[in-house]
Amino acid sequence: MIDFVKRISGVNPRKCMKCGKCTASCPAFDEMEYHPHQFVDMVENGRIDELMNSKGIYTCLSCFACVERCPRNVEPAKVIEAVRTAVIRKQDGNHLKPDAIPALLDEELPQQAITSAFRKYRK
Amino acid sequence: MQQRVKEKALELLRNGTVDRVIGWKTGEFFYDLTPAVFETAEEIEKDFVFSGFSGANLSKYAIAQSRAAGKTAIFLKPCDSYSFQQLLKEHRILRENIYIVGIACEGMLDMEKIRAAGCEGVVSVKENGEELIVETLYGDRTLSRKDCLLERCAVCKSKKVVIFDEMLGEQGDEQETARFDRVAELEAMTPEERFAFWRGELSRCIRCNACRNVCPACSCEKCVFDNDKSGVRNKAAADPFEENLFHIIRAFHVAGRCTDCGECSRVCPQNIPLHLLNRKFIKDINELYGTYQAGADMETKSPLTDFTTDDCEPSIVHERGGVK
Amino acid sequence: MSVNEQFQPTIVAFCCNWCSYAGADLSGTNRLQYPANVKIIRIPCSCRLNPMFILRAFQRGADGVILCGCHPGDCHYTTGNYYARRRMTLLFSMLDFMGIERGRTRVEWVSAAEGAKFAATMNEFVETITKLGPNRRLEDLRCSKE
Amino acid sequence: MQRIGVFVCWCGSNIAATVDVEKVSQVLAQEPGVVFSTNYQYMCSQAGQEMIQESIHKYNLTGVVICSCSPRMHEATFRKTCEKAGLNGHMVEIANIREQCSWIHKDKDVGTEKAVVLGRAAIAKVHLNAPLTAGQSPVKKRALVIGGGIAGIQTALDIADAGFDVDIVEKQPTIGGKMTQIDKTFPTLDCAACILTPKMVDAAQNEKIHIYSYAEVESVKGFVGNFNVTIKKKARYVDETKCTGCGLCTEKCPQKKVPNAFNLGLDNRRAIYIPFAQAVPKVATIDADYCTMLKSGKCGVCSKVCTAGAIDYKQKDELIEQEYGAIVVATGFNPIKLDKYDEFAYSQSPDVVTSLEFERLMNAAGPTGGTLLRPSDGTHPHTIVFVQCVGSRCDDGRGKSYCSKICCMYTAKHAMLCREKYPDTDVYVFYIDVRTPGKNFDEFYRRAVEEYGVHYVKGMVGKVVPQDGKLKVQASDLLGDRQLHIDADMVVLAAAIEPDETARPLATKLTASMDTNDFFTEAHPKLRPVESPTAGIFLSGACQGPKDIPETVAQASAAAAKVIGLLCKDSLTCNPCTAQPDELMCNGCSSCEKVCPYGAITYADKEFRGPNRTTLIRRMAQVNPAVCQGCGACTVACPSGAMDLKGFSNKQIMAEVDAICR
C-alpha cells in the first residue's frame, strides 16, 4: 500500500526534511486531525491505514498551498490525493459488475456515468 | 556557361587581377579533366576546359597556390566552396592571396553512367538543356542529363556557393536531399549483412591512395599512414584488417571536417562507395549532436572539438538497435 | 569440455590515471575478483585514447576493448572525458556500421571510489566477450594464434 | 637497444602468494633487451632500493621495470631511487602485479601468467621511453588578490608579511566587504567594525600592499608563476591622490535621493559619496548614474567646494597591466534576492527585512543610528519573528539546495541582541534544524534560549500578510502540533547566501572550475581545500562555499600560506609529460587548440625550406610546457598525428597493446 501511494502520487516522502512549512501554510489546519507534514511522515513510516481511516483527508481543500511552498518539492497534497484514491479503489464492492454492463448499455449513456456508477452505488 | 568560365579565366589573368588560375585541363580523354594551374593566357586558350566533366574539386590546390607569390584565381562549384571554406577555417589557405570565382552548377556528369546506358566508343558529349547528345563511333545517342549525373550530384546538398569574390550564374540554396538513404539502408541490415557488404567492397581496395590524394580534408602535411612515428605506418593493405583500418581511420580523421564533396568515391578506381563511410559520420553527428555542415561557415565549432555536458553515452550505439 | 579448451578472450582495458586506474586499484585492495583476461593499460586521461589504439588491439588479437574514465564532469583535466565520449560514440557507431559486433567495444565511467563497479563491469564484459567468441571480423590474419 | 633490468617484488606474501615471482623473473629475463632480472621480498625497502641502484651500475641499465604494487603507490619512490643512481626517472616503468593481479586472482597459474604479460607490456614500453626532464618556468614574485573583503585583506596581509608584493582588486570604492555592514559578530558579540577597520588600515598602510579600489579584473593571460592580468580601474571622477576624504562634497551635493547601497537602500545618500566613515581608501566617488553634472553637464557643486581640486569629471576608465605569480580569488558572497518568495511579503511590506538589512538597522552607524525602529513608521517593534532557511536547503528551484551555514548563528545573535537591548520585545525564531557546530557556538545558541528567553519554535512560517500596520504571521509549531498566528511588528528573513555574480565570469577568465552553484571548486575537497584545480589560482573565503568569519580568516591565511610557498620558489618544475607537436607534420589547423583545457597551445608562423630554395611559411602549433598538464586531448584531435604526448606516446601505448595481445 505504501508503494501504491508513492507510485500514484509520485511523491518521495524521504525528501521531506520536516521543516513544517506545509503545515504552516495550511488553511484547513484546524479541521484536520493529521496535518500535511504528518501525512508525509505517516506514508514514510507505513501508517497508511490510520491515514485512510482519517476524516482529515477529506477536509484537505486541495488548495495546494503546501505543494507550492514546500522547499523540497515533496508535494504533500498529492499524497493526500493518492490516499483518497487508495480509499476509493479499496472499496471493491462495486455496485456494477463488469459482466453486467453490455446488457445495460445504452447508446445515449455518457461514458462518465458508467464509471461513476461503478463507484457511487455501493451495496 | 562553359565559355563564360574560360573567358573569365582569361580576363582575370589579362587584366592583372591575378597571376595564375587554378582550373581544369584536358587529360588523355575529353571526359578525363584534371586540375591544373595556368600562368599565361596562351595556356588557358590551349588547355583550359570547363564542362560537365569538370567534377574535380579544386579547393585543395589553393593550399599550395595561396602561398605562391602573387594572387591566384580559383573556380569553385557550390560543393567545392564548402571544402574551400573548411580549409580556410583550418588556417590552411591564405585568403588574401586567392580570388574566388563561384560557379553555379547543374551537376557534373559521370562517364561510367553514360557507358552504362549502352554508349560505347564515345567521341564527345554535348549538353543541350536537359539532354545529352552523345556522339559515338557508332552514331549519336540522346540521353537524359539527369540520369548521367555523378552520385553526389544526384543527391546534391547545396547549390549555394558559400564563399566567393565573384559569381558566375545564379546563386542557389541549400536543399533537402536523399543523401543519407543508402546509409540508412545499410544501418537497417543485420551486422552480418553489413559485414559482408563492407568486406565485399573494401577487399577490392588496392591502396592506390587516390581517395586520400583527392580529398580536400586529407591535406595533412604528412599523413599518419606515411609517418613512421605514428606507429601505424602502412603503405599497402596486406590483409582484411588493414583494408578496414585505413578507411576507418581516414573517415575518423576527416569526421567533422568532411564536407561530403564525394571526391573519394568519384576517383576510386575500384568504385568503392567510400563516401558512405563519411556520410555515416555526418549522419551520426547530425542525429546525435545537431546538424552540422563542415565548411558552411567560419565560426561553428566542429562537433569533435566541442561537447555538451549532457551528450549521449557511447552505449547509444547498442541501444539504437540494428534494424530500424 | 575441459577448462583449458574453453575460449579465453584477450581483453584490453584502457584506464585513465586519475579515476578508473585508481578504481581498478581499489577493486584489488578490496580483493574483488575479476578474470585475468583483462589487462589494463594506463593512460593519463580517457581523451588520450586514440581510435588507432583500439583498432591496433583488435588487429593484434584482442577480442574486446573497454575504455574507463572519470565520470563526465569529474575529469581531472576538466573536459577530457567529454571529448572522449564523442569520439568513442562515433567510432563505435562506425565499427557497428561496418558489421563489427557491438559488444566488443565499451565505455564505462568508473570513479576512484568505485572498485566494486570496476570489478562488476569487468566480469560482465568478459562474459559478453566470451559469449561473442573470438574476434574474427577485425583481426590481422598474420597475427592470429592458430 | 635499451639495457633493461627487471625487478619483481614479492610484497611479502601479498604478491608472492598468488604469483610465482621466481617464474615471472625468469620468464621476463628472456624478453629482448632484458639484461638482468631478479625478485626480492620488498623492493620498496631500503635494501630493495639499494639492490636496484647497484644493478643499475653493475649492468649499466638504461631502463628499469619494476613489477610491484600500483604506480600510484610507489612510482615516485622508484623514480627517485633510479635518479640517485644516475638513471632518468622516466626510464622506470611499473607493472602493477599487486592491485591488478595478485589481489584479484586466486589461482597461482593464472596470476603468474598475467603478471608475465603485464611485465612484458612494461618492458615493451620502456624500450620506447626517453629520458624526460622537467622544464623550469620562472615565478613572478607578486600576488593578486581579487576581492577586498575580510578574506582578501587577511590573505593580502599574510602574503605581505612574508615579504611579497600583493595587489588587492576591489570592485567597490572601499575595501572591507560584507563585514563592514555587519553590526556585531558571533559568538563573542564584539563589534565587527572594531576588529575589521584596524585590518583595513593595516592593509592600506602596508608598503607591500597596493589597493586598486573601484576596479575589476578585465582579462587574465598566462599561467602559474606568470600570469598577466589587465585590471580596469573604473572612473570615480575623483583624483585619489588629491582627495583628502574631508567629505565636504558629500554634504554639499544637491542630489540627495540616491539609495544608499551601503545601508541596502534603507536610507539615501548623495551622488558623490564615501561609503562609510572608515572607508579605505577614504576617497569620494561620484555615482555616474545619479550625478547631474555627468548626465547633463549642469551642476559642478562638488568641484566648487573641493579645496583640494580633486574632482575630475573627465576621468576615464583606466587599464593597468601587471604580472603576477599567483592569484587568490576572494570574491565572497551575497544574500540571494527574495523576489520569488511572495509568501513572506518581502516586497509588500518594508517591515519584512533580510538579516543583512537587520544588521544595518541595529548598527550605530546605520540609518536609524542604532535604535531598532520599524522602517515603515519608525516605531519600536514589540514582536519580531525570525525565519530561518529562507532559500537555503531548497530544492524547488527558487532557492539553493545547500545549507548557507551562517544563518543559524547570526539569527541567534540577532534574537539575543534584540532581547538584550529591548527586553520588552517578544522574539520568535522559526527553525527547521539549529546547526551550531563550532567553538562556543552551541553554548551561544543555548544562551539565547535559556538566558535571553528567545522563543525557538521548530517549524516554519507559511505566510506573512501585512494588515493594519501589523504583519500577520501564520506558522507551524511541529512539536506542539499546532498552527501559530502571530501579530508581528517585524519579520526578519535569514536569506540564503550565494556567490557574488562576478564569480562566474571571473572563473571563465581564470579557467578555474566551478560547481553548479557557482562556488569555486577546490583541487581536492579534503586535502587541497584552498587551491583551485587550475595551477596558481587559490581560493579564499566564501567564494569556495558558505563560511563564517573565523573560517573565512582561517582559509584566507591558508591560501596565503600556499601562495607564499609558491612565491618562495625562484622557478617551478613543470610536468615533463607534456604534448609536443612535430613541426614537419603540423598543419596548423587549430584542432588541438580547441580541445586544450589549459590554453597551452598557441600558433606561430614558421619558415621552412621549400623545394628549389624557396621558403615556405607555415602555421605551427606550439605547446607551452609550463601550462600543459599532459591530458592528451590534443593528440587525438590532431588529424595528422603531429601532436604526441611525452611519456605516453602513440608508439609507447601501441607497444603495450602489442605486448598484451601477443
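**Close-up views of a predicted model**

**View 1. A partly exposed aspartate in chain D.** D:Asp518 is partly exposed, because 15 other C-beta atoms lie within 10 Å, a count between the limits of 12 or fewer for exposed and 20 or more for buried. Although D:Asp518 is not a glycine, its phi is positive, at about 70°. Look for D:Asp518 in the loop between α14 (503-510) and β29 (537-539) of chain D. As a reminder, the model shown here and in the other views is predicted.

**View 2. A buried cysteine with positive phi.** Here we turn to D:Cys389, a residue of strand β21 (residues 383-390) of chain D. D:Cys389 is not a glycine, yet its phi is positive, about 55°. D:Cys389 counts as buried because it has 27 C-beta neighbours inside 10 Å, and 20 or more are needed for that label.

**View 3. Two cis peptide bonds of chain D.** D:Phe186 and D:Pro187 are joined by a cis peptide bond with omega of about -5°. You will find D:Pro187 in the loop between β8 (184-185) and β9 (190-191) of chain D. A cis peptide bond also links D:Val280 to D:Pro281, with omega of about 0°. D:Pro281 belongs to the loop between β15 (272-273) and β16 (285-286) of chain D.

**View 4. The contact of chain C with chain B.** Chain C brings 32 residues to this contact and chain B brings 32 residues. On the side of chain C that touches chain B, α2 (51-59) and α3 (80-97) of chain C each supply at least two residues. The largest share of that side comes from α3(C), with 14 residues. By type, the residues on this side of chain C are 16 nonpolar, six polar and ten charged.

Terms used
Residues numbered from 1 in each chain as written. Chains lettered and ligands numbered in written order. Predicted model: local features only at pLDDT ≥ 70, side-chain atom pairs only at ≥ 80, totals over all residues. Contact = placed C-beta atoms within 7 Å. Helix = DSSP H or I, 4+ residues; strand = E, 2+ residues; numbered from the N terminus. Nonpolar A, V, L, I, M, F, W, Y, C, P; charged D, E, K, R; others polar.
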